[in-house]
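Take a look at the model below. We start with its pockets and then turn to a sheet.

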Amino acid sequence: MISIHDTLTRAVGLHQAGETDRAVTLYRSILAVDPAQADALHLLGLLSRRPDPSRGVALVARALRLVPAHSGALFNQAGSLMQMGRLDAAMAHFRRKLEVDPACAMTLSRLGTEALSCGRIDEAERLLRRSAALETGGGVPVPRLRCALERCATARAIRDDAADPSLPPGLVVRGVFRDSSGYAYAVRRFVQELVAAGIRVRLVDLNYGDADNLPDDQIDPLLLSLDRPVRAKAVLTVTTPPAVESIPGLKTINFSMFEAVDIPDLWAGLSRRHDHVVVATDSSRTAWLRAGHPEERVHICPAGVETVDAAGVTPAFIVDSLGRRLADYPVRVLNVSDFNDRKNLDGLLRVWLRTTRAEDRAALLLKIGKAGGVSGGMRDLLARVSAQTGRTLEQAAPVFLVEGKLSDAEMMSLHAASTHYWSMSHGEGWDLPMAQAGAMGLTLLAPDHSAYHAYLDGRVAHMIPSAVTPGIGAYAGQSWWSPDEGEATRLLRAVIDDPAGTRRSAQAHLLEHFSWQAATRRLITLLRELDAL
């Protein structure tokens, strides 16, 4: 007869190998024999978190009632409670974990990061230094902890500067502004326009040690020079709520956005700590309000577009492996996407393969990912979509693939090389490439949902009907939108067959209402209303 210990060992092996269904079956068989088996309760609770966080937490809580000093259960329960937005309970479990295991560097790091996010700078530094000493044996801290300790020093300096009457008044802006993400672009453009409007800005890099940054020569030297102290009333952090860190005595304002119907519970819990949340669209504001965020503490300030015309930008010269030139196709459809589930590249490529023919005078230009390394994933995706549609890539109009890190100017050249912009995204917080494409005069094919409602409608763009559906992957347990592939097929065929007759332009509308200058004026007005300037 196999013992409970042997069964548990086997279950753990399956768990670690990713065979979770078989592991769950074994954990349950153990608990059927011994309902008080704490390890089985703990590990079954871990595997139950994804479909049902509350059930997972309840199972681990049972394990902790049986063994209150269960080190692994304390740590994992803390993580689960954080994801559920129960931050105080999570920190209580981390503190108890530290009592049980004082030499746990990761617990010290978690508690230190939490203290820093709440503005308890001295406490954060003590905890993070202890963590660093344990991880390195007293040597140089690993990059993650070194960056966190640097953020402690920066927070202390900003706090002290705010109380120095000899310094000029200004605004502290925090953000990862050196990479090619949408948040980084927003930081760069807002800060440039704030300075142009006469606002003194201290720009603080969030500094997480990310090596995937643009070279310094691709970043405006102005941004690299904005490290001088200011006497600030507030810190404006342009990022997601988990990366916001409060500074004592200064207002905490988070410019953020979200893509799905509801923000995560963790975001909701963290946002309630901040003085104000600023979002780019009503779609995001609704998501915060649905999470119970106070109405008077969430505000809208749209992002912007560059006031340039495609005619004034040199188009990118793009040739595929067969020697075909993108410029030779009259209809050139651009999509810029990260390689993830939310961007719905599956749906976009399904529609392309079903709709187009090799003889069509049209081409799809895909810019995938912020860096390289997606070619293998794209091959797998194309094989899967080909199987789903029963059509090969060779039977469809050509697809040109661009990957790798591009500068802001190089990204603009992709827009200039295109005639249309098309998204099948499941949800957007803004979609800078779509908005910029419209500002440069491209005809837009946009899902009729989320952020697109902020700056597009059927008069200036082709809107694809969309329905609320369950999310998958990182959005499992949440809802997002799914564009109608049948309607997208009909629309795509129409614009390929009659590009002139289906021409629509959002250019005048976007340039009039959504320039970065206009966006920054709205931001300055809002910050003054909030007594942050």
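The second largest pocket has a volume of about 660 Å³. Of its 22 lining residues, Arg49, Arg50, Pro53, Gln83 and Ala476 are the closest to the centre. A pocket here is an open set of points on a 1 Å grid over the protein atoms alone, where a 1.4 Å probe fits, with protein on both sides within 12 Å along at least five of seven lines; lining residues have an atom within 4 Å of a point. The volume is the space filled by probe spheres set on the points, which are joined across faces, edges and corners. Helix 4 (53–66), helix 5 (71–83) and helix 12 (265–271) each supply at least two lining residues. Helices (H or I, at least four residues) and strands (E, at least two) are DSSP runs, numbered from the N terminus.

This is a predicted model: local features need pLDDT of at least 70, side-chain atom pairs count only at pLDDT 80 or more, and totals for chains, interfaces and linings use all residues. Residues are numbered from 1 along each chain as its sequence is written, and side-chain values use heavy atoms, without hydrogens and water.

The largest pocket has a volume of about 1000 Å³. Its lining counts 42 residues, with Ser181, Gly182, Tyr183, Asp338 and Lys370 closest to the centre. Helix 10 gives the most, five residues.

Six strands form an open, parallel sheet in the order 9-8-7-10-11-12. Strands pair if DSSP finds at least two bridges between them. Strand 9 (399–402) and strand 12 (462–464) are the edges. Strand 8 (residues 362–368) pairs with strand 9 over four bridges. Leu364 has Val399 as its bridge partner in strand 9.
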